[in-house]
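Student: Please show me the structure, and then let us go through it by question and answer.

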Amino acid sequence: MQESTMNERSHDAADLDGPGPYTCPTGLAPAADVLLVPAETALIRYLRERAEEVDPTSEPVLDRWRYPSPFHLLLDLGRFFTPAPLPPGAGPLFVTFCYTNAAQMIEEQEDPDLVYIEGYGSCTVDSAVHHAPHAWATDGTHAIDPTWPADSGCAYLGVPFADPEMWPHPLYGDGILQQHATLLPILRDGLPADAVADIGRPIPPPARRRTGSAGPLSLTPPS
């Protein structure tokens, strides 16, 4: 899949209509009516397609968990962050350690305004767009990513975790949404309102609904 206009604003998201896949209450401010770049629209489409693959007879659905999957969590609480260059003195780190990379950079910068973000990112490699679980830091607006190149047409959608006690250790550990011990309670019970920093760009309401390639998700198990 190739995105030839990765840095141009697109009206695609505003044209996406239809019922949403799953409706969850959220304590965050209502989403603003903003436009998305094509990479961000493609990332939303990918997450919705993964959400629609959730088995309607699975335990999270039958037991009415707050979120049936991490994809539903991100479509509800996720915020977009705009890619930006690394701050002075922060060099790129090992590609396969994005969670500890983000935590390490925050620790080394000693900037109290930096927040740890975890979710999904998209980047372009050899003219193809790849979507993957990812982590980065933010100053409240920008994706400050010590793992991926800043010029790779990236899109970032994630949950800004306000409590540093939840962040991975800067030298070892895994992502909050990658470990069952931390992920499953969040999917089952949700996150307290004060656990999510109210920063970044919300998903526009039309983009929360059906994309051109994804239909509504039914969470009703077959009889």
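Tutor: Helices (H or I, at least four residues) and strands (E, at least two) are DSSP runs, numbered from the N terminus. This is a predicted model, in which local features need pLDDT of at least 70 and side-chain atom pairs count only at pLDDT 80 or more, while totals for chains, interfaces and linings use all residues. Residues are numbered from 1 along each chain as its sequence is written, and side-chain values use heavy atoms, with hydrogens and water left out.

Student: In what pattern do the helices and strands of the protein chain follow one another along the sequence?

Tutor: The protein chain has six helices and six strands. Read along the sequence, they give the pattern α-α-α-β-α-β-β-β-β-α-β-α.

Student: What percentage of the residues in the protein chain is buried?

Tutor: Buried means under 20% relative accessible area, exposed over 50%, and partly exposed in between (1.4 Å probe, protein chains only). Among the 223 residues in the protein chain, the buried share is 48%.

Student: At what angle do the axes of α1 and α3 cross?

Tutor: Axes are lines fitted to C-alpha atoms, for helices over the stretch in contact, and angles run from 0 to 180 degrees between N-to-C directions. The axes of helix α1 (residues 38-51) and helix α3 (residues 70-77) come within 8 Å, and they cross at roughly 140°.

Student: Which residues of α3 make the contact with α1?

Tutor: Contact means heavy atoms within 4.5 Å. On the α1 side the contact is made by Ile44, Leu47, Arg48, Arg50 and Ala51. On the α3 side it is made by Phe71, His72, Leu74 and Leu75.

Student: How many residues of this contact of α1 with α3 are nonpolar?

Tutor: Ala, Val, Leu, Ile, Met, Phe, Trp, Tyr, Cys and Pro count as nonpolar, Asp, Glu, Lys and Arg as charged, and the others, Gly among them, as polar. In the contact of α1 with α3, two residues are charged and one is polar, and the nonpolar ones number six.

Student: Why is α3 largely enclosed by the rest of the structure, and which of its residues are buried?

Tutor: Seven of the eight residues of α3 are buried, so the helix is largely enclosed by the rest of the structure. The buried ones are Phe71, His72, Leu73, Leu74, Leu75, Asp76 and Leu77.

Student: What is the centre-to-centre distance in the aromatic pair of Phe71 and Tyr120?

Tutor: Rings of Phe, Tyr and Trp (its six-membered ring) pair if their centres lie within 6.5 Å; planes under 30 degrees apart count as stacked, over 60 as edge-to-face and the rest as tilted. The structure holds six such pairs. The planes of Phe71 and Tyr120 are at 55°, a tilted pair, and the centres are separated by 5.8 Å.

Student: Why does the pair of Phe81 and Trp136 have its class, and which class is that?

Tutor: Phe81 lies in strand β1 (residues 79-84) and Trp136 in strand β3 (residues 128-138), 55 residues apart. Both Phe81 and Trp136 are buried. Their ring centres are 6.5 Å apart and their planes are at 65°, so the pair is edge-to-face.

Student: Which residues does Trp148 touch, not counting those up to four places away in sequence?

Tutor: Trp148 is in the loop between β4 (142-144) and β5 (155-161), and is buried at 14% relative accessible area. Phe81, Trp136, Trp148 and Tyr156 form one aromatic cluster. With the sequence neighbours left out, Trp148 touches Gly121, Ser122, Cys123, His134, Cys154 and Tyr156.

Student: Is Arg64 buried or exposed?

Tutor: Arg64 lies in the loop between α2 (59-62) and α3. Its phi is near 55°, a positive value in a residue other than glycine. Most residues other than glycine have a negative phi. At 73% relative accessibility, Arg64 counts as exposed.
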